[in-house]
Amino acid sequence: MAARSTPVRKAWRSLTWLGVIIALLLGLQTAGAIWWGWGWAPKLALDLEGGTQIILTPTLEDGQEVTEEQLQQSVEIIRNRIDAAGVSESEITTQGGDKIVISIPGTPDQETLDRIQQSAKMEFRAVLLTGAPTATSSVEPTDGATETPTPDATPTPDPSATPSVTPTDASDLAWVTPELQEEFDAFSCDQLEDSAASAAPSDVPLITCDVSGTVKYLLGPVEVEGADISDAQAGMGSTSTGASTGEWVVNLTFNEQGTQDFANVTTRITVLEPPRNQFAVVLDGKVIIAPSSNVAISDGRAQISGGFTQESSKTLADQLKFGALPVGFTVESRDTISATLGNSQLQAGLIAGLIGLILVFIYSLFQYRLLGTVTIASLIVAGIITYFVINIMSWREGYRLSLAGVAGLIVAIGFTADSFIVYFERIRDELRDGRGLVGAVEAGWKRALRTILAAKSVNLLSAIILFVLAVGSVRGFALTLGITTIIDVLIVILFTHPVLQLMANTRFFASGHPATGLDPTALGAVYRGRAEFRVSNEARRAGASREAERRQTIAERKAAELAEASAKPSTEKKKGAR
């Protein structure tokens, strides 16, 4: 058996890679449907499915009012939090000048609700005292062992609520006045929800408890603000040697100011006795962790642990990354809303897309004959890959398909067909220049690929800019347009070109049969075998005219020669007679 030519080998290699990609997508979708509860259709957005409407009301003290700036800042923070959770196509607006209305597709889970309404105000405070969660007169260290307060741990009684001696730092026990000590001893962790700890001033001590309600704390003033956190990422914790602890944590990165403040705190408390060698990480008025400091942390990086799950660590990281809400909010109402467009509009959109696809098929077959079947097959393969990508993104990343997204998919049909037309016309140009079909496919591909990549780069750049700058359903349009643009390039490289390479090596297409789309009537010079070309009708007529003139000239010359030859003998006879 003869070895396959290089183009044929490359074609089969490309088709194999395409098959692997489709198999991986199918395998991932199947695994998701079996083990992770995925569906076989993408989730729909608010305009097609309906969802949940949540109205948030700010929690304000007497005489306090929420400003327009605070309200708009809260809208942006909540939008970023929801988008980070993967819940796209949500609508967030203000109402009445003091409320926020959030419309979310489907039914939100508890993690999403936590992202929305929690203020996520993080503070870092030094620990002054710790105690049992119920009212008591004893002071306890963080390990839970009860002991009588020592002189170092208990300040000298003072009848005033204001420290008689100005504290030198946030760890100074001069903050603990007798009145504050009494309040701390009488405090019980079951009172925490009513204590307004989340709204406590930052420049005074705070009495609070940990999130589990097992330890109460008396903390110094705030030394590092959550606003000084430049980044927060959820991940698995690790030891000093790099080994995984198997525990989900939140890794924090401070800005320049936060790095300096955090270094000062950890440097100071490292040499103090327990529990004053601890610093508490306070989130919305509750201590989520109060680790002791054994060494100064000067690189601006910290790690928060404390029984997080993957979901809760990501929720906290997103809340800290996008900032704390300027004011607290409570849920005023939560209602189910119906779809604004519904299934009828979705069906209309799908029908419009189907009609457009059929028209592209008809045009391809009319313009390119059997060569148009490559366009049809390419669009079908592109549709399969697009379906898997959209569906996996929907169930894995929380993407929801809106009517605008459907419009992006429909528009992509025309953009995808453009790539095939450019390639086919390049092949025809090469054939007109006298190349054989195999050579025309390779040369046309090199020229067409540059044009295709340039055009698709513009499409992709437009989609990216639109996605970044737009909000709401317009982002859905930009996302589907960008995805289909990438898939278009993938299909042209791994399917369309390889199929044409294989077709060029078949006898039928190499013959230039009119049904192939490489008709000699439509093209100037068409491949008709291994090394034979047939000229166009115009060239044939011009050649025939020149041949007729040439033959006429030859005939006239021969006639003149015969006439001259016949005249010579009679002349010689006359000479002889004389």
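**Notes on the predicted model**

1. Start at the end of a helix. G434 comes after helix α10 and has a positive phi, near 100 degrees. Helices (H or I, at least four residues) and strands (E, at least two) are DSSP runs, numbered from the N terminus.

2. Some ground rules. This is a predicted model, in which local features need pLDDT of at least 70, side-chain atom pairs count only at pLDDT 80 or more, and totals for chains, interfaces and linings use all residues. Residues are numbered from 1 along each chain as its sequence is written, and side-chain values use heavy atoms, with hydrogens and water left out.

3. How far should helix α10 span? The helix covers residues 403–432, which is 30 residues.

4. Now the whole chain. It has 14 helices and 14 strands. Of its 578 residues, 43% are buried. Buried means under 20% relative accessible area, exposed means over 50%, and partly exposed lies in between (1.4 Å probe, protein chains only). The chain exposes about 29800 Å², and carbon and sulfur atoms supply 57% of that. Accessible areas come from the Shrake-Rupley method with a 1.4 Å probe; for residues, only the protein chains shown count as cover.

5. Contacts come next. A contact means heavy atoms within 4.5 Å. Take the contacts with a separation of 6 or more: 72% of them join residues 24 or more positions apart.

6. Look at T208 in strand β5 (residues 206–209). Is T208 buried or exposed? T208 counts as buried because its relative accessibility is 0%. Its side chain reaches the backbone oxygen of G285 at 2.5 Å. Leaving out residues up to four places away in sequence, T208 touches several others, among them L192, V215, Y217 and V287.

7. I78 sits in helix α3 (residues 68–84). I78 counts as buried because its relative accessibility is 0%. F322 is 244 residues away along the chain, yet the C-alpha atoms of I78 and F322 are separated by 8.7 Å.

8. Salt bridges deserve a check. Side chains of opposite charge can pair when their charged atoms come close. A salt bridge here is a side-chain nitrogen of Lys or Arg within 4 Å of a carboxyl oxygen of Asp or Glu. The count is 8. D169, E223 and R268 are linked in a network of salt bridges.

9. E123 pairs with R125, with the closest N and O atoms 3.1 Å apart. Both E123 and R125 are buried.

10. E430 pairs with R447, with the closest N and O atoms 2.8 Å apart. This pair links distant parts of the chain: E430 is in helix α10 and R447 is in helix α11 (residues 437–469), 17 residues apart. E430 is buried, at 5% relative accessible area. R447 is partly exposed, at 29%.

11. K456 forms a salt bridge with D488, the closest N and O atoms being 2.6 Å apart. K456 is in helix α11 and D488 in helix α12 (residues 473–504), so this pair, 32 residues apart, also links distant parts of the chain. Both K456 and D488 are buried.

Key
A polar contact is a pair of N or O atoms within 3.5 Å; within protein, one must be able to donate a hydrogen and the other to accept it, and residues adjacent in sequence count only if both atoms are side-chain atoms. The expected span of a helix is 1.5 Å times one less than its number of residues.
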